[in-house]
Amino acid sequence: MTSLVIRSAQDAIAAVPYLLGFHPSRSLVVIGFEGRSRGTCAIRLDLPSSGEAERVAAVLSGNGFARSLLLGYGPPGEVAEAARPMRAALAAAGVPVAEAIRVADGRWWSLTCDDVCCPPEGTPYDISASAVAAQATFGGHVALADRAELVASVQPLDGPARAAMHHATERAERRYLARPPSAAENDLAFVLTLLARARDGSRPTDDEVAWLGLLLTDLRVRDETWSHTDEDPTAADIAFWRDIVRRVDPARAPAPASLLAFAAYSTGDGGLANVALQRALDADPAYSMAVILREVVNAGIPPSRLRTGTSRPQHLGRAADGGSRSACG
């Protein structure tokens with residue numbers, strides 16, 4: 001996805017919903033930029049926050065960021081209480097805060113400026129009129145209304161759609177049990193065909209989704225699919241895996257949810273990656289791919305380091321061991 005260029009406080013306000021994937025509320029958002037790492041890393045904490053400042057600073061410092069921005073969304077006292085230790089920890093870690101602001105009700109207030117140029121009533125802003133918002137939309141970034149909407153976007157479908165998928169799953173299971181062992185040679189080709197069709201705008205049928213859910217329970221098929229996803233995930237790939245996650249039998253959600261998380265994080269959409277991983281871990285708390293990717297995301301490892309052909313479990317596990325736990329993106 002397109003990298004967003006942030007040059008001012010208002011640019012940062014406009015960029016945050018697209019960096020997170022949703023419009024935050026009662027949150028503290030820290031954005032790392034400049035330094036050895038390319039692009040940015042946005043870390044969001046719920047307010048009130050406690051004991052998180054040193055961990056966040058360590059993640060940004062450890063990943064080579066040299067400066068940071070701090071945005072608090074909430075009432076003045078709550079934001080100020082969370083911002084003070086965060087600014088101190090970032091400065092101590094060598095990632096000083098270039099600007100800290102509070103955002104509320106269509107206005108922003110500087111937490112670093114006491115000059116008359118910063119009006120006490122705050123400065124109004126309009127995200128829809130921002131060049132950053134236009135750039136983000138053009139680049140394929142999406143900002144949902146809130147985190148709840150983002151979570152809902154990876155939840156199982158219900159009603160007639162779920163009933164239809166239930167019947168498709170039963171048909172797929174009968175077919176899977178009856179097929180000869182030699183048929184497994186075509187499993188990866190089937191998955192890649194679905195992905196290729198998705199990139200051309202074709203949506204898989206219920207029977208194809210049910211069959212895919214079964215095939216991905218084979219770790220060989222899952223890992224080969226993961227390897228192909230690593231080559232160059234696109235917006236179409238993300239839409240495909242989100243659709244699969246919502247339609248597949250919930251018991252078989254861990255594999256497609258983890259693949260969705262990897263594709264999303266690789267393109268810089270950490271918000272979607274986080275909720276997809278949570279969907280996978282809710283279904284199976286010990287699912288290995290989701291556990292490894294959770295460590296990668298929590299360590300704040302930049303997505304650019306995932307697009308190197310080394311996205312197999314052993315490589316990601318070693319990368320995750322060196323970082324602090326945080327949610328980047």
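Predicted model: local features only at pLDDT ≥ 70, side-chain atom pairs only at ≥ 80, totals over all residues.
I take buried to mean under 20% relative accessible area, exposed over 50%, and partly exposed in between, with a 1.4 Å probe and protein chains only. By that rule I looked up Val191 and found it buried, at a relative accessible area of 0%.

**Ground rules.** Residues are numbered from 1 along each chain as its sequence is written, and side-chain values use heavy atoms, with hydrogens and water left out.

**Overall make-up.** I counted elements as DSSP runs numbered from the N terminus, with helices being H or I of at least four residues and strands being E of at least two. The protein chain holds 14 helices and 6 strands. Of its 329 residues, 49% count as buried. For contact I require heavy atoms within 4.5 Å. Among contacts in the protein chain with a separation of 6 or more, 72% come from residues 24 or more positions apart. The chain exposes about 14700 Å², of which carbon and sulfur atoms supply 53%; such areas come from the Shrake-Rupley method with a 1.4 Å probe, and for residues only the protein chains shown count as cover.

**Nonpolar cores.** I use this term for a set of buried Ala, Val, Leu, Ile, Met, Phe, Trp, Tyr and Cys residues joined through side-chain atoms within 4.5 Å. The largest has 74 residues, and those with the most contacts inside it are Ile31, Leu71, Leu212, Phe240, Trp241, Leu260 and Leu272. A second, separate core of 21 residues includes Val59, Leu70, Ala82 and Met86. I then followed Leu71, which, setting aside residues up to four places away in sequence, touches Ala12, Ile13, Val16, Ser27, Leu28, Val29, Ile31, Ile101 and Val103.

**Helix 7.** This helix covers residues 187-199, 13 residues in all, and reaches 19 Å from its first C-alpha to its last, close to the 18 Å expected at 1.5 Å a residue; the expected span is 1.5 Å times one less than the number of residues. Its buried residues are Asp187, Leu188, Val191, Leu194, Leu195 and Ala198. Seen down the axis of helix 7, these buried residues fall within an arc of 125 degrees, so they line one face of the helix; the arc is that of the directions from the helix axis to the C-beta atoms. They pack against helix 8 (206-215), helix 9 (219-229) and helix 10 (235-247). Val191 itself, leaving aside neighbours within four places in sequence, is in contact with Leu212, Leu215, Val221 and Thr225. I noted too that Val191 and Val209 are 18 residues apart in sequence and 9.9 Å apart in space, C-alpha to C-alpha. After helix 7 comes Gly201, whose phi is positive, near 95 degrees.

**Helix 12.** Here 11 of the 14 residues are buried, so the helix is largely enclosed by the rest of the structure. Among the buried residues are Gly270, Leu272, Asn274 and Arg279. What covers the buried residues includes helix 1 (9-20), helix 5 (147-152), helix 10, helix 11 (254-266) and helix 13 (288-298).

**Ala133.** I found Ala133 in helix 4 (residues 131-138), where it counts as buried at 5% relative accessibility. Not counting residues up to four places away in sequence, Ala133 touches Tyr18 and Ile127.

**Backbone checks.** Most residues other than glycine have a negative phi, and most peptide bonds are trans. A cis peptide bond joins Leu47 and Pro48, with omega about -5 degrees, and Pro48 lies in the loop between strand 2 (41-46) and helix 2 (53-62). Arg26 has a positive phi, near 45 degrees; this residue lies in the loop between helix 1 and strand 1 (27-35) and is partly exposed, at 43% relative accessible area. Asp105 also has a positive phi, near 55 degrees, lies in the loop between strand 4 (97-104) and strand 5 (107-110), and counts as exposed at 77% relative accessibility.

**Cysteines.** I searched the whole structure for disulfides, meaning pairs of cysteine sulfur atoms within 2.5 Å, and the search finds 0. Cys113 is partly exposed, with a relative accessible area of 23%, and for Cys118 I noted partly exposed, at 23%.
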